[in-house]
Amino acid sequence: MEIVYKKIEELKPYENNPRFNDDAVEYVANSIKEFGFKVPIVIDKNGVIVAGHTRYKASLELGLDEVPCIVADDLTEEQIKAFRLADNKVSEKAEWDFELLEEELSDLDIDMSDFGFEDLDINLDIDDSEFVQDTEITKNKDDKKEIICPNCGEKIEI
Amino acid sequence: MRIFLAGTQTGMSSKEREEVFENSPPLYVLETFFSGESACLKAVNRVGNENFLLDSGAFSYMNGAKCTKEILLEYLDRYIAFINKYDIKYFFELDVDTIFGIEFVEMMRKKLETETGKKCIPVWHKGRGIEYWKYMVANYKYVAIGGLVFHVKKEEWPLIKKMVDYAYAKGVKVHGLGFTKTKILDNFKFYSVDSASWVRAAGMGQQIHFFDGKSILARPLQKGNKKAYGSKLSAHNFKEWIKYQKYMNAKKWK
């Protein structure tokens, strides 16, 4: 697998990219600044981005002239289309083990919030008294006990 | 975010329902066990077990039945049998705290989980208190907040947001039961919500719903325009909500 350096203006975002990635750009830019450009952008033979739209946007934000790329010239047009989707989809299937994550994060001095990690030790500073408590059981006009379903609002005589 | 459409066995005529499910199938469906096993089975078969949520419907069941614990326990037995028979993956507990108290709900939850061998989705209500929310988040991977339609006041939304953020930060999925406010839904890191407002609006409020590219717009119909009411209107609203479902499905939180 050959990594080639391309001028940023030679790359073209795929016009039908079905991913919202603007919110991730800042974190990817921070990652490139901190660790360098470690994951190349995958492009087709015409320079159209196959995988790495967020890295491309982060590169623009950082003002990079050149970025590392892999040219997927061994794939057919259909395979490129499929890979573009698959590359995004597979990450959705993975989940965090939050206990292990907490351990790993606690070992680091690097501020991981720069890369989108929230504080796992988040406190819930709410008091029950802040909620408006409902009357659990009321009496209706016929003096019968009545309760309202908290989900559908249906009044139920009990 | 997963938007589960509820009430899919109501509103539309069976012919229209079949057409809609054939031509623009929803991604996710919630059905209540109170609607009957047949309705639940149809729903799960349409979208698959991964994309199906089963609500206990215990509260609705208590309406009309003599409100006794024994009757509810029989209902629970049928609920458990259905979950086991069809290997239902995601199902809610019987959250009738306000009628029988949390201890009885906890006893039913234990029975439900023991006899199915799976964790249910516990449902938090205001009456349970914040410490109980922390307990749920510490012990479950998928939890729910109930009472969002009628019992959570506007000034309480920031509190709900904090609760959802808390669970999200700990990697716990939160379902907003009956969350229909599509204009503000973006502000909450719910993993999933459900809504039947597409059919309620068509049946009771005579409202037509449109997906505007970001949220659902509701427009009242002219009075007397009965031709538009009922099944056709439900089918229209349903299809608009499916568009919204797809839009929200692509949303990821920061």
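Q: In chain B, which residue of β7 stands opposite B:H175?
A: B:H175 stands opposite B:S192. Strands β6 (residues 173-176) and β7 (residues 192-195) of chain B run parallel and are joined by 2 bridges. Pairing requires at least two DSSP bridges between two strands, and the elements are DSSP runs numbered from the N terminus (helices: H or I, at least four residues; strands: E, at least two).

Q: Is the model predicted, or what kind is this?
A: This is a predicted model, in which local features need pLDDT of at least 70, side-chain atom pairs count only at pLDDT 80 or more, and totals for chains, interfaces and linings use all residues. Residues are numbered from 1 along each chain as its sequence is written, chains are lettered from A and ligands numbered from 1 in the order in which they are written, and side-chain values use heavy atoms without hydrogens or water.

Q: What is the strand order of the open sheet in chain B?
A: The order of the 7 strands in chain B is β3-β2-β1-β7-β6-β5-β4, with parallel pairing. At the edges stand β3 (52-55) and β4 (123-124) of chain B; each has a single partner strand, so one side of each lacks a neighbour in the sheet.

Q: Which strands does α8(B) lie across?
A: α8(B) lies across β4, β5 and β6 of chain B and runs at about 180° to β5(B). Helix α10 (residues 231-249) of chain B also packs on the sheet, where it touches β1 (2-6) and β7 of chain B and makes about 160° with the direction of β1(B). Contact here means heavy atoms within 4.5 Å. Axes are lines fitted to C-alpha atoms (for helices, over the stretch in contact), and angles between N-to-C directions run from 0 to 180 degrees.

Q: At what angle do α1(B) and α10(B) pack?
A: They pack at about 20°, with axes 10 Å apart. α1(B) and α10(B) are therefore roughly parallel to each other, a label for angles under 35 degrees (over 145: roughly antiparallel; 65 to 115: roughly perpendicular; the rest: oblique). α1(B) contributes B:E16, B:V20 and B:F21 to the contact, while α10(B) contributes B:S231, B:K232, B:A235, B:F238, B:K239 and B:I242.

Q: And B:P25, where does that lie?
A: B:P25 belongs to the loop between α1 (14-23) and β2 (29-32) of chain B. Residues up to four places away in sequence aside, B:P25 touches B:V20 and B:I242.

Q: Is B:E156 buried or exposed?
A: B:E156 counts as buried because its relative accessibility is 0%. Its place is in the loop between β5 (142-145) and α8 (157-169) of chain B. Beyond its neighbours within four places in sequence, B:E156 is in contact with residues of both chains: A:F131, A:V132, B:K126 and B:H151.

Q: Changing topic: which residues touch the most other members of the largest nonpolar core?
A: They are B:L72, B:W133, B:I160 and B:F190, in a core of 88 residues. Another core lies apart from this one; it has 13 residues, among them A:I32, A:A58, A:V67 and A:C69. Such a core is a set of buried Ala, Val, Leu, Ile, Met, Phe, Trp, Tyr and Cys residues joined through side-chain atoms within 4.5 Å.

Q: How do α7(B) and α8(B) pack?
A: Helix α7 (residues 130-139) of chain B packs with α8(B) at about 25°, the axes being 10 Å apart. The contact involves B:I130, B:W133, B:K134 and B:V137 of α7(B), together with B:M163, B:Y166 and B:A167 of α8(B).

Q: What order do the strands of the open sheet in chain A have?
A: The 4 strands of chain A follow the order β1-β4-β2-β3, with mixed pairing. Its edge strands are β1 (4-7) and β3 (49-51) of chain A, each of which pairs on one side only. β1(A) and β4(A) run antiparallel and are joined by 4 bridges. Strand β2 (residues 41-43) of chain A runs parallel to β4 (residues 66-71) of chain A, with 3 bridges between them.

Terms used
Buried < 20%, exposed > 50% of the residue type's maximum accessible area, 1.4 Å probe, protein only.
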